[in-house]
Amino acid sequence: MMAMPEIEAQNKHEIRAVWVTTNWGLDWPTSPATDRQGIQEQKKELIDILDSIQSLNMNTVLFQVRLRGDVIYPSAYEPWNYIMSGKSGRSPGYDPLAFAIEACHERGLECHAWIVCIPLGSDRQIKAHGKNSVVTKHKSICKKLNGEWYLDPGHPQTEEYLATIVKEIVYNYSIDGIHLDYIRYPDRPAKFPDSDTFKKYARKGETRDEWREQNITRIVYRIYDEIKKIKPEVTVSSSPLGKYNDLPHFPSQGWSGRESVYQNAIQWIEDGKQDFIAPMLYFKEQAFFPFLFDWIKKKKNCRIVCGIGLYRMQADKGDWSLSDITRQISIGRKLGTDGQSFFRLKHILENTKQITDQLYIDFYVHPALLPPLNKDSANVHSPVIEQVSLSADSAIIVWNRVPGAKGYVVYGSNCYPVNTSEGANIQYVGFNDTTFISRKPCTAYAVSAFDKFRRESKPSQWYETEGTLSLIVDKNDRKLRLEEKDNNYTEIILYQEGFIEVYRGKYSTETLLPELPEGSYILALKPVTGKIKRYVLTIE
């Protein structure tokens, strides 16, 4: 059996994303919706996909909504892509984006709208849309290269147009993120026919390379600013080429973001205009690890999510081994990535070379929280654990719904209080439910809420006690008053996290405790003979 790389301990916060490709129906849908039954089949197929993603403890779906100048939601600006209904410009009879968002949220998954920015498609695609195509309606901002149409990044109206497309989505949908793809010049940009716009709009003394780089940067900044004005909690991300530029000892071999297609993504990071970057690092070894480490060194307050090319395991795409992929995940974690993003979903669903098994067994054993968008304190209260019902093989945890909470986290452990900084203790992350059935029953649980910026509240703690007594002690008074009348007790013992003893004294119905920090403790009453009774004690 092949030796597997050493696996890093699971992070509490990690972006675990997958691109769901709708272009040509590569991942979804497999058939058009032409009637009510077709609609239900498309919905069922997407639900099955999301169930699979959820079962792997992933947390982010990059859902392709803009393909090549057309979309898969009702838009005032661009026509329907043919893939949904079988005909360009025709609605499938429902709103796939609204359905996808709702279905994702039901499963504790964030849904990010994946937008292909600059390409508009071939002549055939443009012709299929007729008078509703972007080229027909906005010819002045479109350019043709090698039989394909593109928006012209150098025309000021391109920035305005793309911002309008994004704003329509952010205003109309409870989307969690906007993901910008192909936010760059086309391949072989030396032949891109933009001499007229360069001559008209470039500043005096500006080279064409400088001008092109600024064009892409300006579009990115405009989109980011427009989103944050509408909904600051929406995550803004992009997937630039995997290599930012040449490194001193590792050349990019003529294919890097800044040098080849004018993506200065490090500048975007430095100026705070991206929440995470998912560089498309679909290479091996020396073409992968040095360039990934370069991104991590320069990430500042931005998150770096390692784009991993699962398609490279196909025989005709490189025939990579399973260990080629798992090594990238494992070493990427050690280097300091903030997560992984997989292209394509197909290989997870098909368990290509057992990649899905490996993710579940070694990498995504527990759910993970998404990193908060800022370092401010959470704007939500802690949940109240209303009930915990234990049995031999399960536990049911019930808590209250917290106003303003986007979702909840359940932790489980056999130590009290539960260490909520430890990712391995996470049992559940979700948006809507206030009940969780644990198949790994523990003696202690904690529940927290998180707000729309993914910031987590303080947890509420629960411990399986022999009694039903719940005690609260005022930290200023410090008097512990007990109603236990049984003179059989001899000692009072107080424990904190990990059952570290912080107080031991003679049993009394009224005890003056030492000065202790606020929080939850375990109070143990020790009898002369028989079983110790333990209770939850809160000092506040």
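## Reading features in a predicted model

Me: Is Leu26 buried or partly exposed?
Reply: Go by the relative accessible area. Buried means under 20%, exposed means over 50%, and partly exposed lies in between. Leu26 has 40% relative accessibility, so it counts as partly exposed.

Me: Which residues does His179 touch?
Reply: Set aside residues up to four places away in sequence. His179 then touches Trp19, Leu62, Ala113, Trp114 and Ile115, and also Ser237, Ser238, Ser239 and Ala278.

Me: Now sheets. What is the general idea?
Reply: Strands of a sheet pair through backbone hydrogen bonds, and the pairing is either parallel or antiparallel.

Me: How many bridges join β13 to β14?
Reply: Five bridges join β13 to β14 (residues 395-399), and the two strands run antiparallel.

Me: Next, charges. What should I look for?
Reply: Side chains of opposite charge can pair when their charged atoms come close. This structure holds 43 salt bridges.

Me: Take Asp196 and Lys143. What is the distance from N to O?
Reply: The distance is 2.8 Å, and the two side chains meet in a salt bridge. This pair links distant parts of the chain: Asp196 is in helix α6 (residues 195-201), Lys143 is in strand β5 (residues 142-145), and they are 53 residues apart.

Me: Which of these two counts as buried and which as partly exposed?
Reply: Lys143 has 11% relative accessibility, so it counts as buried. Asp196 has 45%, so it counts as partly exposed.

Me: What about Glu233? Which residue does it form a salt bridge with?
Reply: Glu233 forms a salt bridge with Lys452, and their closest N and O atoms are 4.0 Å apart. The pair links distant parts of the chain, 219 residues apart. Glu233 is in the loop between α7 (208-230) and β8 (235-238), and Lys452 is in the loop between β18 (444-450) and β19 (460-463). Glu233 counts as buried because its relative accessibility is 18%. Lys452, at 40%, counts as partly exposed.

Me: And where do Lys479 and Glu510 lie?
Reply: These two form a salt bridge, with the closest N and O atoms 3.9 Å apart. Lys479 lies in strand β21 (residues 479-481) and Glu510 in strand β24 (residues 510-512), so the pair ties together parts that are 31 residues apart in sequence. Lys479 is partly exposed at 34% relative accessibility. Glu510 is partly exposed too, with a relative accessible area of 42%.

Me: Which residues are linked in a network of salt bridges?
Reply: One such network links Glu159, Glu160, Lys167, Arg218, Arg222, Glu226 and Lys229.

Me: Where is a peptide bond cis?
Reply: One is from Trp28 to Pro29, with omega near -5°. Pro29 lies in the loop between β1 and α1. Another cis bond runs from Phe343 to Arg344, with omega near 10°. Arg344 is in the loop between β12 (339-343) and α12 (345-349).

Me: What is phi of Gln253?
Reply: Phi of Gln253 is near 60°, a positive value in a residue other than glycine. Gln253 lies in the loop between β8 and α8 (257-261). With a relative accessible area of 71%, Gln253 is exposed.

Me: And Arg454, is it buried or exposed?
Reply: Arg454 is buried, with a relative accessible area of 6%. It has a positive phi of about 70° although it is not a glycine. Look for Arg454 in the loop between β18 and β19.

How values were computed. Residues are numbered from 1 along each chain as its sequence is written. This is a predicted model: local features need pLDDT of at least 70, side-chain atom pairs count only at pLDDT 80 or more; totals for chains, interfaces and linings use all residues. Side-chain values use heavy atoms; hydrogens and water are left out. Buried means under 20% relative accessible area, exposed over 50%, partly exposed in between (1.4 Å probe, protein chains only). Two strands pair if DSSP finds at least two bridges between them. Helices (H or I, at least four residues) and strands (E, at least two) are DSSP runs, numbered from the N terminus. Contact means heavy atoms within 4.5 Å.
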